[in-house]
Amino acid sequence: MTAKHVNLRVGRPQTTPTKPAHVSGIKEGNAPGNYARQGGHLPNGNSTAERSTGINAGARNPIDPRAPNLSPA
């Protein structure tokens, strides 16, 4: 199988390979305190349906409170 030459127009790159992956001053998602502020995360490490969906999350929890709470994602 031979590769065909394709003329593909691309724009200028927005960064270079030598730039750092993280910019100082920008908060990351795993910064201390973020876990507690996100809805659907419980202190014991479990999660509820609210973690995966914000649309009527209460209706996506199990009907029986003894049942395990398996979030969609």
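Buried means under 20% relative accessible area, exposed over 50%, and partly exposed in between, with a 1.4 Å probe and protein chains only. This is a predicted model, in which local features need pLDDT of at least 70 and side-chain atom pairs count only at pLDDT 80 or more, while totals for chains, interfaces and linings use all residues. Residues are numbered from 1 along each chain as its sequence is written, and side-chain values use heavy atoms, with hydrogens and water left out.

View 1. Helices (H or I, at least four residues) and strands (E, at least two) are DSSP runs, numbered from the N terminus. Of the 73 residues, 11% are buried. The accessible surface is about 7100 Å², and carbon and sulfur atoms hold 56% of that surface. Accessible areas come from the Shrake-Rupley method with a 1.4 Å probe; for residues, only the protein chains shown count as cover. Contact means heavy atoms within 4.5 Å. Among contacts with a separation of 6 or more, 3% join residues 24 or more positions apart.

**View 2. Asp-64 and Arg-66 form a salt bridge.** A salt bridge is a side-chain nitrogen of Lys or Arg within 4 Å of a carboxyl oxygen of Asp or Glu. Here the N to O distance is 3.0 Å, and the count by this rule is one salt bridge. Asp-64 is partly exposed, at 31% relative accessibility, whereas Arg-66 is exposed, at 74%.

**View 3. Val-6, Leu-8 and Val-10 make a nonpolar surface patch.** The patch covers about 360 Å². Patches are made of residues with over 30% relative accessible area and no salt bridge: like charges are joined within 9 Å, nonpolar side chains (Val, Leu, Ile, Met, Phe, Trp, Tyr) within 5 Å. Val-10 lies in the segment before α1 (34–37) and is exposed, with a relative accessible area of 69%.

**View 4. Gly-40 sits in the loop between α1 and α2 (49–52).** Gly-40 is buried, because its relative accessible area is 8%. Leaving out residues up to four places away in sequence, Gly-40 touches Asn-46, Ser-47, Thr-48, Glu-50 and Arg-51. From Gly-40 to Arg-51 the C-alpha to C-alpha distance is 4.1 Å, although the two are eleven residues apart in sequence.
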